[in-house]
Amino acid sequence: MSTYKDKDQDPRLHGIKTKIRVVPNFPKFGIMFQDITTLLLDPKAFKDTIDLFVERYKGKNISVVAGIEARGFIFGPPIALAIGAKFVPLRKPKKLPGKVISQEYILEYGRDCLEMHVGAVEAGERVLVVDDLIATGGTLCAAMDLLERVGAEVVECACVIELPELKGRERLNGKPLYVLVEYFEI
Ligand SMILES: O=P(O)(O)OC[C@H]1O[C@H](OP(=O)(O)OP(=O)(O)O)[C@H](O)[C@@H]1O
Ligand SMILES: Nc1ncnc2[nH]cnc12
């Protein structure tokens, strides 16, 4: 049996999790793909998602929301606008036109890399890192490494979904992670 478990009792969380479609065996056999495109089709559930993050981060003196390509680009910008922060895209290789710093990371199979424009984030800035999902945690780790290399302070990582069985949270070296829903395969 697979299921989502509520993080807390906020009734908006139930609506959000019912809108996430789980697609078995995509993109390969054995993966239970968490499809957030169905959440985006429901304006209330999408707005509730953004509102929950905004309620948590408003007034926390965060000047940067860093969103991870691709799905962090969906949730990050509305959060940034609502809390009065700038949005900084962390992109896959060779997409950003300016001077970049790069951080490689290990995936379950193979390697990938994230890049950030030099000068987009300054030393001492307080940053929220946003993505749709944490699985093994490799992507969020690379994002935090990039930001910390330029002297920024990562306040927290925020994701819509966590796959706790993959233990990604343990790879974050104690950095706080806030998620709205957890998905368990058993
Ligand atoms: O915790 P991890 O094991 O690192 O996995 C999480 C990452 O995987 C997915 O992105 P993906 O790499 O599939 O890229 P995409 O959003 O460009 O499709 C997801 O959107 C996260 O960014
Ligand atoms: N199960 C999953 N669903 C969606 N995106 C993912 N990225 C890594 N694992 C994933």
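Which pocket is the space taken by ligand 2? The points below begin with that matter.

1. The space taken by ligand 2 is the largest pocket. A pocket here is an open set of points on a 1 Å grid over the protein atoms alone, with protein on both sides within 12 Å along at least five of seven lines. A molecule sits in one if more than half of its atoms lie within 2 Å of its grid points.

2. The model is predicted, so local features need pLDDT of at least 70 and side-chain atom pairs pLDDT 80 or more, whereas totals for chains, interfaces and linings use all residues. Residues are numbered from 1 along each chain as its sequence is written, chains are lettered from A and ligands numbered from 1 in the order in which they are written, and side-chain values use heavy atoms, without hydrogens and water.

3. Around ligand 2 stand Ile31, Met32, Phe33, Gln34, Arg71, Leu133, Ala135 and Leu163, a residue being near if one of its heavy atoms lies within 4 Å. Strand S3 (residues 32–35) gives the largest share of this shell, three residues; strands are DSSP runs of E with at least two residues, and helices are runs of H or I with at least four.

4. Nitrogen atoms of ligand 2 lie 3.0 Å from a backbone N or O atom of Met32, 2.9 Å from a backbone N or O atom of Gln34 and 3.1 Å from a polar side-chain atom of Arg71. Taken alone, ligand 2 exposes 260 Å², of which the protein buries 76% (Shrake-Rupley method, 1.4 Å probe).

5. The shell around ligand 1 has 13 residues, and Asp131, Asp132, Thr136, Gly137 and Thr139 come nearest. Strand S8 (126–134) and helix H5 (138–149) each supply at least two residues, and S8 gives the largest share, four residues.

6. Oxygen atoms of ligand 1 lie 3.0 Å from a polar side-chain atom of Lys92, 2.8 Å from a backbone N or O atom of Ala135 and 2.5 Å from a polar side-chain atom of Thr136. The protein covers 76% of the 500 Å² of accessible area that ligand 1 has on its own.

7. Arg12 lies in helix H1 (residues 11–19). Its side chain makes a polar contact of 2.8 Å with the side chain of Asp10 and another of 2.8 Å with that of Glu55. Such a contact is a pair of N or O atoms within 3.5 Å; within protein, one must be able to donate a hydrogen and the other to accept it, and residues adjacent in sequence count only if both atoms are side-chain atoms.

Note on methods: 1 Å grid on protein atoms, 1.4 Å probe; cavity = no way out; pocket = protein on both sides within 12 Å on 5 of 7 lines; lining within 4 Å.
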